[in-house]
Amino acid sequence: MQPKTRPGVVLAIVCIGVVLATTDLFIVNIAFPALERSFGGRSLAALTWVLNAYAIVFAALLVPAGRLADRASRKGGFLLGVAVFTGASALCAAAPSVELLVGARVVQAAGAALMIPCSLGLLLAAYPPERRAGAVRIWAAMSGLAAAIGPVAGGLLVSVDWRWIFLVNLPVGVAALVAGWRLLPSPPPEHEPLPDLLGSLVLMLAVGALTLGLVDAPDWGWGAPGTLAAFGAAAVLIVTFVVRSGRHRSPVLELGLLRVRPFALSTVAMLVFSAGFAAMLLSIVVWAQTGWGWSALKTGLAFAPGPLMVPLFAIGAGRVAHRVGAATLATVGCLVYAAGALTWVATVGLESDYVTSMLPGALLTGIGVGLVLPTLTATAATSLASNRFATGSAVIQMSRQVGYTLGVGILVAVLGAPHTAEERLDAFRRGWIAIAAIALLAAASSLFLVRSSQAPTPRAGACGILTVASRSARSGRAPTRPPRRPGPSEWS
């Protein structure tokens with residue numbers, strides 16, 4: 001019988017998985033100009049699939065992967081996720097073409113979809129209720145820390161070779177596998193129904209078709225047969241996904257959740273805001289390296305103050321939300337974010353000027369993210385009854401990934417294919433205006449949020465993500481699971 005593992009050891013091991021998956025996103029953004037040079041001048045539209053493929057697959061597999069791990073083994077799911085992610089990182093580093101790199105990123109996303117939810121399930125099982133608050137704060141802080149160090153680490157690695165942004169995952173992943181195999185506990189599995197894997201595939205294809213239309217429409221033409229076919233396929237697949245979700249016993253998206261007004265509005269606002277977030281990340285990195293000719297390292301160091309604002313303001317957002325309300329806080333955060341994007345429109349020129357051009361916008365967008373994301377997540381989760389808390393939290397995370405994909409697609413469509421330096425500057429200014437408009441749309445959605453009076457007790461399932469643990473930790477109660485699935489009349 002395996003001896004009981006100290007909770008701190010479990011925390012350290014699962015945080016490795018969080019850092020792996022989170023840092024990878026920011027590092028890949030930094031590497032875009034290097035990828036373009038390495039693959040013979042491939043267009044930005046083609047290279048964005050390195051990001052989009054990851055986000056689409058992660059979004060579609062997050063809920064099913066968490067439920068499968070609940071049925072089998074959270075320890076096994078975490079280790080399998082780390083192994084798949086690490087092996088796919090090696091494939092990414094060895095990829096001789098963009099197409100094979102995108103394929104390897106798809107495999108990476110599948111590993112992350114197992115690794116991230118299982119890490120939280122293991123953490124909840126390892127800590128007693130009275131100690132979960134501190135553990136979850138550390139777990140959550142790892143994402144913020146990874147976001148801050150990602151651009152800097154990416155700049156350092158890309159200055160050697162872009163393939164190192166993936167190779168660096170190998171020793172970290174192997175260390176996590178060895179430590180996890182020997183030291184992680186094995187919480188008993190739970191009786192979850194089989195997830196709708198076919199529904200996940202339909203969602204994946206729907207978001208992929210919509211993104212394809214957005215990304216390639218500038219080259220194909222907005223009225224071209226290929227563009228219309230992509231948008232038409234996306235519409236059909238979305239309808240199919242909604243119909244299937246309404247009929248399946250364990251759907252990817254439980255439609256009953258959308259009847260809860262705060263949850264539905266938060267989910268919409270999260271999707272819209274995440275689109276602006278992804279577009280901002282890619283735009284400023286590409287502009288700094290192609291417009292100003294900065295190195296990847298200089299770009300990473302210059303952008304780092306923005307992500308550092310996220311954990312600082314996220315920590316204080318909860319206290320402020322109790323005083324002014326979630327609607328006010330999220331709306332203000334969206335407006336601050338929009339102001340950051342418009343600052344770049346007004347100040348960025350062909351001559352590089354970090355202090356007066358990039359830095360103010362980076363700080364404002366970082367503050368906006370820190371105010372908006374935790375507020376929307378908490379509002380969505382706490383608006384649900386306890387027996388739907390975990391599933392609702394997973395849906396929120398899924399909407400973020402879908403938003404990331406759409407944001408990158410929208411940015412590529414707005415930028416087009418400029419040729420001269422002046423055309424490039426005009427294109428990026430249009431992109432930043434579009435990002436501000438997206439943030440204002442998210443603000444409009446956030447205006448209608450209301451505070452839920454419920455205080456749900458979350459489940460400890462692997463698909464419960466951050467808000468599940470956070471609420472459980474603050475309440476000091478152990479997560480519970482309802483004895484049966486509620487009927488439609490029982491949604492609240």
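Predicted model: local features only at pLDDT ≥ 70, side-chain atom pairs only at ≥ 80, totals over all residues.
Local features need pLDDT of at least 70 and side-chain atom pairs count only at pLDDT 80 or more, while totals for chains, interfaces and linings use all residues. Residues are numbered from 1 along each chain as its sequence is written, and side-chain values use heavy atoms, with hydrogens and water left out.

**Overall fold**

The protein has 19 helices and 0 strands. Helices (H or I, at least four residues) and strands (E, at least two) are DSSP runs, numbered from the N terminus. Of the 492 residues, 57% are buried. Buried means under 20% relative accessible area, exposed over 50%, and partly exposed in between (1.4 Å probe, protein chains only). Accessible areas come from the Shrake-Rupley method with a 1.4 Å probe; for residues, only the protein chains shown count as cover. Among contacts between residues at least 6 apart in sequence, 83% join residues at least 24 apart. A contact means heavy atoms within 4.5 Å.

**Nonpolar cores**

A nonpolar core is a set of buried Ala, Val, Leu, Ile, Met, Phe, Trp, Tyr and Cys residues joined through side-chain atoms within 4.5 Å. The largest one holds 99 residues, and Leu-101 and Trp-432 touch the most other members. Its largest share, 17 residues, comes from helix α12 (residues 261-290). Leaving aside neighbours within four places in sequence, Leu-101 contacts Leu-35, Phe-39, Val-50, Cys-92, Ala-95, Trp-162 and Phe-166. A second, separate core has 35 residues, including Val-14, Phe-78, Leu-79 and Val-82.

Helix α12 also carries Ser-274. Ser-274 counts as buried because its relative accessible area is 1%. Beyond its neighbours within four places in sequence, Ser-274 contacts Arg-400, Gly-403 and Tyr-404.

Helix α11 (residues 225-247) has 23 residues. It reaches 33 Å from its first C-alpha to its last, close to the 33 Å expected at 1.5 Å a residue. The expected span is 1.5 Å times one less than the number of residues. Thr-227, Ala-230, Ala-234, Phe-241 and Ser-245 are buried in α11. An α-helix has 3.6 residues a turn, so residues three or four places apart point the same way. The buried residues of α11 pack against α10.

The whole structure contains 1 salt bridge. The term means a side-chain nitrogen of Lys or Arg within 4 Å of a carboxyl oxygen of Asp or Glu. Here the side chains of Arg-244 and Asp-196 meet at 2.9 Å, N to O. The pair links distant parts of the chain, 48 residues apart: Arg-244 sits in helix α11, and Asp-196 in the loop between α9 (169-183) and α10.

**Surface patch**

Leu-68, Leu-194 and Leu-197 form a nonpolar surface patch with about 270 Å² of accessible area together. Patches are made of residues with over 30% relative accessible area and no salt bridge; like charges are joined within 9 Å, nonpolar side chains (Val, Leu, Ile, Met, Phe, Trp, Tyr) within 5 Å. Leu-68 is in helix α4 (residues 49-71). Leu-197 lies in helix α10 (residues 197-220). Leu-197 touches Pro-64 and Leu-68, not counting residues up to four places away in sequence. The C-alpha atoms of Leu-197 and Ala-65 are separated by 9.2 Å, although the two are 132 residues apart along the chain.

| Residue | Relative accessibility | Class |
|---|---|---|
| Leu-68 | 34% | partly exposed |
| Leu-197 | 47% | partly exposed |
| Arg-244 | 29% | partly exposed |
| Asp-196 | 2% | buried |
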